[in-house]
Amino acid sequence: MCGKNTKVLCFPKDMVNNLKERILQIADEYPTVTNIVLDTGSNDVSKQQSEVLKRDFTGLLNTVNSLNAAVFISGPVPPVRGGDERFSRLFTLNKWLISACTDHSVLMCDVWRVRAARIMAVVTFPRRSWDNVY
């Protein structure tokens with residue numbers, strides 16, 4: 001449910017560095033927005049440059065600390081497909097983000113655990129009983 005202080009914007013091809021540059025413009029354009037949820041980072045994993053990604057996220061976290069809004073980082077979603085390497089990189093990013101967000105006093109939505117539990121439910125339970133799982 002969205003209120004008048006909420007604006008939903010989507011930039012599906014953006015990477016963390018793009019969002020770092022864009023977030024200040026967004027905050028200026030929508031000054032009444034009080035909550036911002038950022039869902040980014042999954043596209044960066046394909047570049048296979050973990051240290052660069054961490055540096056970009058650290059820059060983004062520093063940038064959002066200057067905003068007059070509550071900022072939430074949505075962690076990466078565990079992939080259903082994509083192989084072990086992608087899974088491992090996203091899992092490692094999620095673990096690092098939990099710590100980095102805490103260090104920067106930015107709230108993080110740890111969707112990894114919720115999504116991973118749902119994936120396990122699909123694998124473990126027959127289809128009929130899966131419909132009743134969260």
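Reader: What makes up the secondary structure of the chain?
Author: Six helices and three strands. Helices are DSSP runs of H or I with at least four residues, strands are E runs of at least two, and both are numbered from the N terminus. From the N terminus on, the order is α-β-α-α-β-α-β-α-α. This is a predicted model: local features need pLDDT of at least 70, side-chain atom pairs count only at pLDDT 80 or more, and totals for chains, interfaces and linings use all residues. Residues are numbered from 1 along each chain as its sequence is written, and side-chain values use heavy atoms, without hydrogens and water.

Reader: Why are H1 and H3 called roughly parallel?
Author: The axes of H1 (residues 16-29) and H3 (residues 50-64) cross at roughly 15° and come within 9 Å. Axes are lines fitted to C-alpha atoms, for helices over the stretch in contact, and angles run from 0 to 180 degrees between N-to-C directions. Angles under 35 degrees count as roughly parallel, over 145 as roughly antiparallel, 65 to 115 as roughly perpendicular and the rest as oblique. H1 and H3 are therefore roughly parallel.

Reader: Which residues of H1 and H3 meet?
Author: Contact means heavy atoms within 4.5 Å. From H1, Val16, Asn17, Leu19, Lys20, Ile23 and Leu24 take part. They meet Leu53, Asp56, Phe57, Gly59, Leu60, Thr63 and Val64 in H3. By class, this contact has eight nonpolar, three polar and two charged residues. Ala, Val, Leu, Ile, Met, Phe, Trp, Tyr, Cys and Pro count as nonpolar, Asp, Glu, Lys and Arg as charged, and the others, Gly among them, as polar.

Reader: What percentage of the chain's residues is buried?
Author: Buried residues (under 20% relative accessible area, 1.4 Å probe, protein chains only) make up 31% of the 134 residues.

Methods:
Buried < 20%, exposed > 50% of the residue type's maximum accessible area, 1.4 Å probe, protein only.
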